[in-house]
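Subject: Structure handover

Hello,

Here is the structure I said I would pass on. My notes on it follow below.

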Amino acid sequence: MCQHQPLCPPASAPDREAASLVAFHPAQGWGLLCNGVVVFEDTGELLPDGSSVSARRDLREQVA
């Protein structure tokens with residue numbers, strides 16, 4: 001999907017969130033990266049293969 005140089009990291013890369021944002025819907029809480037990853041405001045992700053990445057929680061919330 002990525003059309004620019006340098007290429008964005010692929011969806012399978014650990015730094016996939018560094019890809020360029022191509023669509024952003026803040027009212028709905030999500031954005032689409034050029035590598036096909038859908039990112040959500042709670043930090044969860046939906047990968048192009050249909051798998052999901054759970055939202056990361058703030059460490060301060062885990063301690064409380």
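Which residues make up the largest nonpolar core? In this predicted model, that core has 7 residues: Cys8, Ala11, Ala19, Leu33, Cys34, Val37 and Leu47. As background, nonpolar side chains in soluble globular proteins tend to be buried together.

Apart from neighbours within four places in sequence, Val37 has contacts with Ala11, Arg16, Gly31, Leu32, Glu45, Leu46, Leu47 and Pro48. Two of these, Ala11 and Leu47, are also listed in the core.

Next, the overall layout. The chain has 64 residues, and 27% of them are buried. Its secondary structure consists of 1 helix and 5 strands, arranged along the sequence as β-β-β-β-β-α. The accessible surface is about 4700 Å², with 57% of that belonging to carbon and sulfur atoms. Of the contacts with a separation of 6 or more, 20% are between residues 24 or more positions apart.

The 5 strands form an open sheet with antiparallel pairing, in the order β1-β2-β3-β4-β5. The edges are taken by β1 and β5; each has a single partner strand, so one side of each lacks a neighbour in the sheet. Between β1 and strand β2 (residues 30-33), which run antiparallel, there are 4 bridges. In this pairing, His25 is opposite Trp30 in β2.

How many salt bridges does the structure hold? There are 2. One is formed by Arg16 and Glu45, with the closest N and O atoms 2.7 Å apart. Arg16 lies in the segment before β1 (21-25) and Glu45 in strand β4 (residues 45-46), so defined by DSSP runs, and the pair links distant parts of the chain, 29 residues apart. Both Arg16 and Glu45 are buried, and both are among the contacts of Val37.

The other salt bridge joins the side chains of Arg56 and Glu17, at 3.2 Å from N to O. This pair also links distant parts of the chain: Arg56 is in the loop between β5 (52-53) and α1 (59-63), Glu17 is in the segment before β1, and 39 residues separate them.

Regards

Key
Residues are numbered from 1 along each chain as its sequence is written. This is a predicted model: local features need pLDDT of at least 70, side-chain atom pairs count only at pLDDT 80 or more; totals for chains, interfaces and linings use all residues. Side-chain values use heavy atoms; hydrogens and water are left out. A nonpolar core is a set of buried Ala, Val, Leu, Ile, Met, Phe, Trp, Tyr and Cys residues joined through side-chain atoms within 4.5 Å. Buried means under 20% relative accessible area, exposed over 50%, partly exposed in between (1.4 Å probe, protein chains only). Contact means heavy atoms within 4.5 Å. A salt bridge is a side-chain nitrogen of Lys or Arg within 4 Å of a carboxyl oxygen of Asp or Glu. Helices (H or I, at least four residues) and strands (E, at least two) are DSSP runs, numbered from the N terminus. Accessible areas come from the Shrake-Rupley method with a 1.4 Å probe; for residues, only the protein chains shown count as cover. Two strands pair if DSSP finds at least two bridges between them.
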